[in-house]
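Here is a short briefing on one protein structure.

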Amino acid sequence: MKRPNYLSYGIGVAVIAAVAMSGVRAFAQDPNSAPNSYRLDDSWSAKLPEGRKFGQVIALEPDRDGKSVWVFDRCGGTSCSKSNAAPIQKFDASGNLVTSVGAGMFNFPHGLTVDPQGNIWVADATARNGKGNVVVKFAPDGKVLMTIGKTGMSGEDEGYLDRPTGVAIAANGDIFISDGHGGQSNDRIVKYSKDGKFIKAWGKRGKGQGEFDTLHGIVLDAAGRVYVADRGNSRIQVFDSEGKFIAEWKQFGRPSGLAIDKNGIIYVADNQSSEKTNPGFKQGIRTGTISDGKVTGFIPVPSEQIGAPEGVTADPQGNIYGGYTESRNVKRFVKR
């Protein structure tokens with residue numbers, strides 16, 4: 001889940017120390033050998049209205065009710081730029097569609113998060129046709145409450161975004177955006193106040209600490225630390241809320257999607273590792289503990305037809321949801 005969870009803040013200092021240590025030591029474990037304690041739930045599916053099919057499902061997150069799940073897809077195809085379908089959809093615990101919002105507003109859906117008040121935040125990573133390159137905040141009923149970025153425009157100055165891929169909301173309302181999706185786009189994290197005022201930005205293109213290549217998601221933990229899917233560099237980077245580097249984790253594969261649950265478990269979707277791009281890692285979902293950065297579980301690809309998810313989240317019951325861009329679907333995994 002991309003919203004902050006509610007672990008005890010009293011362990012903050014100890015956890016930071018552990019995280020920092022885990023970022024510099026080499027993990028000896030086989031990245032594909034962690035146990036799989038989940039199975040694919042074939043009895044569950046997200047049901048769309050007749051005539052509507054999922055496009056690439058890029059992001060998902062549970063609703064504040066703890067049972068429903070919000071899904072962000074690409075309007076039945078690979079983009080929404082020529083579609084009037086609503087790409088933001090809420091499904092109940094049985095997979096029935098509850099509501100859908102955002103019709104005609106987006107080009108290239110990317111990140112989605114739900115804040116503590118139940119508002120939905122989404123990122124559009126392409127500027128085209130007077131739309132995109134923005135992060136939009138919706139009320140649960142679909143009313144637009146805030147837009148960050150200049151709609152349909154690109155830039156790196158205050159107030160502009162360029163191919164944003166993810167958004168996370170801190171406990172105090174601060175807004176963190178992973179801004180950049182490779183190519184000539186930005187490679188940075190941008191921080192705004194809860195009312196949308198620019199605070200700061202950090203990062204640039206590169207492979208060093210605090211540098212990025214194709215950012216692909218961002219989440220916070222309860223202590224406010226920032227976890228970034230630095231996909232092009234096949235790593236997760238961890239920072240404090242002011243952008244100070246804490247750790248680099250390569251043991252979770254090539255991250256496309258991130259989530260952290262209330263128990264401090266991190267979920268990482270890897271749909272790009274291969275012998276060419278990230279040798280030694282298989283595609284799938286890896287789970288681990290943020291206290292020490294250890295990989296504790298690995299859900300391999302269920303079948304070649306299903307493939308690996310690009311988006312991932314987990315609900316309070318421990319069910320894991322994957323969003324699939326290749327097979328264009330949502331799958332649920334439950335504990336064995």
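Which residues does Thr214 touch, not counting residues up to four places away in sequence? The contacts are Gly180, His181, Gly182, Asp187, Ala229, Asp230, Arg231 and Gly232. The model is predicted. The structure holds 14 salt bridges, and a search of the whole structure finds 1 disulfide.

**Thr214 and its setting**

- Thr214 sits in the loop that runs between β13 (198–202) and β14 (215–220).
- Its relative accessibility is 14%, so Thr214 counts as buried, the cut-off being under 20%.
- Arg231, one of the residues that Thr214 touches, also forms a salt bridge with Glu310.

**Salt bridges**

- Asp221 and Arg225 pair through their side chains, at 2.8 Å from N to O. Both residues are buried.
- Glu310 and Arg231 form a salt bridge with an N to O distance of 3.3 Å. Glu310 lies in the loop between β21 (295–300) and β22, and Arg231 in the loop between β15 (226–230) and β16 (235–239), so this pair ties together parts that are 79 residues apart in sequence. Glu310 is buried, and Arg231 is buried too.
- A salt bridge also links the side chains of Asp270 and Arg286, at 3.3 Å from N to O. Asp270 belongs to strand β19 (residues 265–270) and Arg286 to strand β20 (residues 284–289), so the pair ties together parts that are 16 residues apart in sequence.
- Asp270 has a relative accessible area of 0% and is therefore buried. Arg286 is at 0% relative accessibility, so Arg286 counts as buried.

**Nonpolar cores**

- The largest nonpolar core has 17 residues. Tyr227, Ile236, Trp249, Phe252, Leu258 and Ile266 touch the most other members.
- At least two residues of this core come from each of β15, β16, β17 (245–249), β18 (257–260), β19 and β21. The largest share is that of β17, with 3 residues.

- Strand β23 (residues 320–324) and strand β24 (residues 329–335) run antiparallel and are joined by 5 bridges. Gly322 stands opposite Lys331 in β24.
- As a general point, strands of a sheet pair through backbone hydrogen bonds, either parallel or antiparallel.

**Disulfide**

- Cys75 and Cys80 are joined by a disulfide, with an S to S distance of 2.0 Å.
- The link of Cys75 and Cys80 is right-handed, with 100 degrees about the S-S bond.
- Cys75 and Cys80 are both buried.

How values were computed:
Residues numbered from 1 in each chain as written. Predicted model: local features only at pLDDT ≥ 70, side-chain atom pairs only at ≥ 80, totals over all residues. Heavy atoms only, no water. Pairing = 2+ DSSP bridges. Helix = DSSP H or I, 4+ residues; strand = E, 2+ residues; numbered from the N terminus. Buried < 20%, exposed > 50% of the residue type's maximum accessible area, 1.4 Å probe, protein only. Contact = heavy atoms within 4.5 Å. Salt bridge = Lys/Arg side-chain N within 4 Å of Asp/Glu carboxyl O. Core = buried A, V, L, I, M, F, W, Y, C linked by side-chain atoms within 4.5 Å. Disulfide = S-S within 2.5 Å.
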